[in-house]
Each structure stands twice: as C-alpha cells, then as structure tokens.
Amino acid sequence: MNKTIVVAIIVSVFISCSSSKQMNAPKANYIVIADDKEKVLKGYINKSILDNDPTFKWFRENMKYGVADSLAVAAFHKHAKDFKLIVFGGTWCEDTQAMLPFLYRLIEKSGYPESNITLVAVDRTKIGPDDLHKVYNVTNVPTFIVLIKGEEIGRVVEFGKYAQVDKELGEIVSNTFAKH
C-alpha cells in the first residue's frame, strides 16, 4: 500500500476522532532517539512520562516556578468540555522546556482534563508521528493549538505575545466563547 495513502488514512482517522466529543488523547506511543547530546522523545507522550523520567528533570524543576494566570484558569475551567488542545514540543528544546510547565500549571489549577490534550513530541527536525507537523503546519516548537470540533481556533507559538502561554491560551478560549 502506498505510504501516502496510509498516512492520509491515519490523519483522517485522527482528525475525525478529534471532532468527536468523546475523543481522548492518544495513549503514549513514542520512540527514544539517543543522540550525542541527550535523550529525545518522538511520538505521543504525556505529562506522566515527563514527570517520571529522570532524564527530564527540567520538567519537574520548571513546574515549581510561577503561578497560573487566574483568568486563564477560569476560562479553562468554565469551558473544559468545549475544546481540545494539541501541543507540539521537543524534549530537547529549551523553549519547550520553559513553556510546557506553564501549560501544565494551568491544567492542574483549572481541572482541565488531561485526556483532552494530545502532546506530540517532535525530533530535532521538528517531525512528529503521523505527519501531524504537516497537518497542523508546525514549524516552531513549542506550538499550542486550541481546537473546537477538530477545527483550529487559535495557537500560541514558542513564547507567544507575552511569554505566558497560559495567559494567551486563556485569552483564546475566553474570546472564542464570548463570541458564541
């Protein structure tokens, strides 16, 4: 079977699943790339992997600092069932290491279900599984994308406007639902 057809089928299944209200994030499924510098993950990962792998001490350390934006916490709490997130990051990337904890502090404080987050680890060339980097036109990491019924309503790339991904994601969610 042609590789393009297989990728198209996988992407179609992923996109159609993402529009379902019952969609859960894919189970962790990743490979470890050991390069000269450090351990790099590529594939679908989750917070637990970052929390429990001693290689990623940056995650635990960076979770200790900062406070989630209160308006973002309120928006995520109020609309938790109404949207999903897909996040692209590199375990090797200093920007991801700095910004991903902002997201997870927001998740913890708001009660937003982790099952609504698809966390995609990309390699150093910013390629992830199932060509999702192409589907979502990801050129920089981290990239945080807010989806409603599978459609993108907003994104934050790298440090965004304020270097506070939680605040900016909260604004996307608040502004979207204020319009409806």
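1. Ring pairs link Phe56, Trp58, Phe59 and Tyr104 into a cluster, where rings of Phe, Tyr and Trp (its six-membered ring) pair if their centres lie within 6.5 Å, with planes under 30 degrees apart counted as stacked, over 60 as edge-to-face and the rest as tilted. The model is a predicted one, in which local features need pLDDT of at least 70 and side-chain atom pairs count only at pLDDT 80 or more, while totals for chains, interfaces and linings use all residues. Residues are numbered from 1 along each chain as its sequence is written, and side-chain values use heavy atoms, with hydrogens and water left out.

2. Across the whole structure a search finds 7 aromatic pairs. In one of them, phenylalanine 56 and tryptophan 58 have ring centres 6.2 Å apart and planes at 70 degrees, so the pair is edge-to-face; both of these residues are buried, meaning under 20% relative accessible area, against over 50% for exposed and in between for partly exposed (1.4 Å probe, protein chains only).

3. Phenylalanine 83 and tyrosine 112 form a stacked pair, 4.8 Å centre to centre with 25 degrees between the planes, and both are buried.

4. Tyr104 is also among the buried residues of H5, as are Phe102 and Arg105. Arginine 105 lies over the face of phenylalanine 102, at 4.9 Å from the ring centre, a charge being over a ring if NZ of Lys or CZ of Arg is within 6 Å of the ring centre and within 35 degrees of the ring normal.

5. The charged end of lysine 167 likewise sits over the ring of tyrosine 162, 4.6 Å from its centre.

Terms used:
Helices (H or I, at least four residues) and strands (E, at least two) are DSSP runs, numbered from the N terminus.
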